[in-house]
Amino acid sequence: MVHGLRPRLVVPGESYHESFFAALREYHEEGLYPELRPADIAEPQAFRRWLEHLRWAGLLGAADDPRNRTPHRVYWWVEGTRFLGRARLSLRLTEELTQFGGHIGYDIRPTARGQGHATALLQAVLGTAREAGVDRALLTCAPDNHASRRVIERNGGALTDTSPAGRLRYWCPTG
């Protein structure tokens, strides 16, 4: 915790540009999110345009990615102006999402892992899901992702089955 600040769920915003940019470099060191190139969002105006794209894709859905074909919301987990992680709440399930992704996907930047942020982030997003009309949320994870399994189970997730895509499927209560 930074100077008594508590992590919180926020809508992505320009004030997190520098911290998000640093987190993106951390993700890239792990080989994650190669499609989001730092050069594409380095300038404040470019970052603002990218944030606007996130917002519109969430409102309308977008055909560029099967996971974007349904209305969704993107949230960031922050402490002050430090970006810690992000979550995506899909408001409806598609066939693709029932196999891989579910209602909620989340991640924590590498330097913030192991501190309970994922559990708290998922808890906050589950509350938001309830407010958005999702009575119970489907979450999926790889069978060998033990950290994600623990996070989901700590939030009341009940293992239901394994999808044809090989993902464990959990149903979590919301709210």
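Mentor: Start with the term: rings of Phe, Tyr and Trp count as a pair if their centres lie within 6.5 Å. This is a predicted model, and the structure holds 10 aromatic pairs.

Trainee: Why is the pair of Tyr16 and Trp76 called edge-to-face?

Mentor: The ring centres of Tyr16 and Trp76 are 6.2 Å apart and the planes stand at 75 degrees. Planes over 60 degrees apart count as edge-to-face, so the pair gets that name.

Trainee: What makes this a tie between parts of the chain?

Mentor: Tyr16 lies in the loop between β1 and α1, and Trp76 in strand β2. These parts are 60 residues apart in sequence, so the pair ties them together.

Trainee: Which kind of pair do Phe20 and Trp76 form?

Mentor: The planes of Phe20 and Trp76 are 5 degrees apart, with 4.8 Å centre to centre. Under 30 degrees counts as stacked, and this pair is stacked. Phe20 is in helix α1 and Trp76 in strand β2, 56 residues apart.

Trainee: Are Phe20 and Trp76 buried or exposed?

Mentor: Both Phe20 and Trp76 are buried; Tyr16 is buried as well.

Trainee: Which residues do ring pairs link into a cluster?

Mentor: The cluster consists of Tyr16, Phe20, Phe47, Trp50, Trp76 and Phe83.

Trainee: How do you know that the charged end of Arg86 sits over the ring of Tyr33?

Mentor: The test asks for CZ of Arg within 6 Å of the ring centre and within 35 degrees of the ring normal. The charged end of Arg86 is 4.1 Å from the centre of the Tyr33 ring and sits over it. Likewise, the charged end of Arg136 sits over the ring of Trp171, 4.0 Å from its centre.

Conventions:
Residues are numbered from 1 along each chain as its sequence is written. This is a predicted model: local features need pLDDT of at least 70, side-chain atom pairs count only at pLDDT 80 or more; totals for chains, interfaces and linings use all residues. Side-chain values use heavy atoms; hydrogens and water are left out. Rings of Phe, Tyr and Trp (its six-membered ring) pair if their centres lie within 6.5 Å; planes under 30 degrees apart count as stacked, over 60 as edge-to-face and the rest as tilted. Helices (H or I, at least four residues) and strands (E, at least two) are DSSP runs, numbered from the N terminus. Buried means under 20% relative accessible area, exposed over 50%, partly exposed in between (1.4 Å probe, protein chains only).
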